[in-house]
Amino acid sequence: LLELFKGLGIYMTTVILGLLVMIFAFYPLLLKQIQKKKFKYRKLFQDLSPAQFLAFSSSSSAAALPVTMECVTENMKVSKSVADFVLPIGATMNMNGTSLYQAVATVFLAQMHGIELEFSQYLMIVVTATLASVGSAAVPSAGLVMLVMVLSAIGLNPAWIGILFPVDRILDMSRTVVNVTGDATVSAAIDH
């Protein structure tokens, strides 16, 4: 039992570190490359904080969508027509945090059960995690449900997701913040 908790702790740390890199390094660097001198790191997070807090507390990109639209149009000064088009699509299709989570969860479950994955299986994880995250609903824990598809694609037992239930809520909240931040980043990039 102690080994299980230790493994879940390492798994959670890995997912959260990956999500932090996306939110605090990848998205800001992407915007900095696009906006050049106009970009301000601190202002990005000040502008998005209401949407990020709602995304964290609700675990739903769809629930945070109205606040995200307000933050993007009023605070980030993205045109309303771009925000009205990009954000609803992003809330349902741009689930980068979910994709990262599903890939890490699949590798964790395989390692936990002593299964050595081949290179082709890693490629299949990337493809199916990406497709599953695009197909995920913008509601709490949808990524966990879609994880069944990723596990099945590489021949792992889908029932193993039960191991992840105790820690999924905090990870779901965190990956939703990444998803909403990604949507806002794409909106600002397209508007620029």
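**Nonpolar patch, core and ring pairs**

Leu17, Leu20, Phe24 and Tyr41 make up a nonpolar patch on the surface, with about 380 Å² of accessible area together. Patch members have over 30% relative accessible area and no salt bridge, and nonpolar side chains are joined within 5 Å. This is a predicted model: local features need pLDDT of at least 70, and side-chain atom pairs count only at pLDDT 80 or more, while totals for chains, interfaces and linings use all residues. Residues are numbered from 1 along each chain, and side-chain values use heavy atoms, without hydrogens and water.

**Patch**
- H1 gives the most to the patch, with three residues.
- Tyrosine 41 lies in helix H2.
- Tyrosine 41 is partly exposed, at 39% relative accessible area (buried is under 20%, exposed over 50%, partly exposed in between, with a 1.4 Å probe and protein chains only).

**Core**
- Beyond neighbours within four places in sequence, tyrosine 101 is in contact with residues including Tyr11, Leu147 and Asp168 (contact means heavy atoms within 4.5 Å).

**Aromatic pairs**
- There are four aromatic pairs (ring centres within 6.5 Å; planes under 30 degrees apart are stacked, over 60 edge-to-face, the rest tilted).
- Tyrosine 11 and phenylalanine 108 are stacked, because their ring centres are 4.8 Å apart and their planes at 25°.
- Tyrosine 11 in helix H1 and phenylalanine 108 in helix H5 are 97 residues apart.
- Tyrosine 11 is buried at 2% relative accessible area, and phenylalanine 108 is buried at 11%.
- Ring pairs also link Phe24, Tyr41 and Phe45 into a cluster.

How values were computed:
Patches are made of residues with over 30% relative accessible area and no salt bridge: like charges are joined within 9 Å, nonpolar side chains (Val, Leu, Ile, Met, Phe, Trp, Tyr) within 5 Å. Accessible areas come from the Shrake-Rupley method with a 1.4 Å probe; for residues, only the protein chains shown count as cover. A salt bridge is a side-chain nitrogen of Lys or Arg within 4 Å of a carboxyl oxygen of Asp or Glu. Helices (H or I, at least four residues) and strands (E, at least two) are DSSP runs, numbered from the N terminus. Rings of Phe, Tyr and Trp (its six-membered ring) pair if their centres lie within 6.5 Å; planes under 30 degrees apart count as stacked, over 60 as edge-to-face and the rest as tilted.
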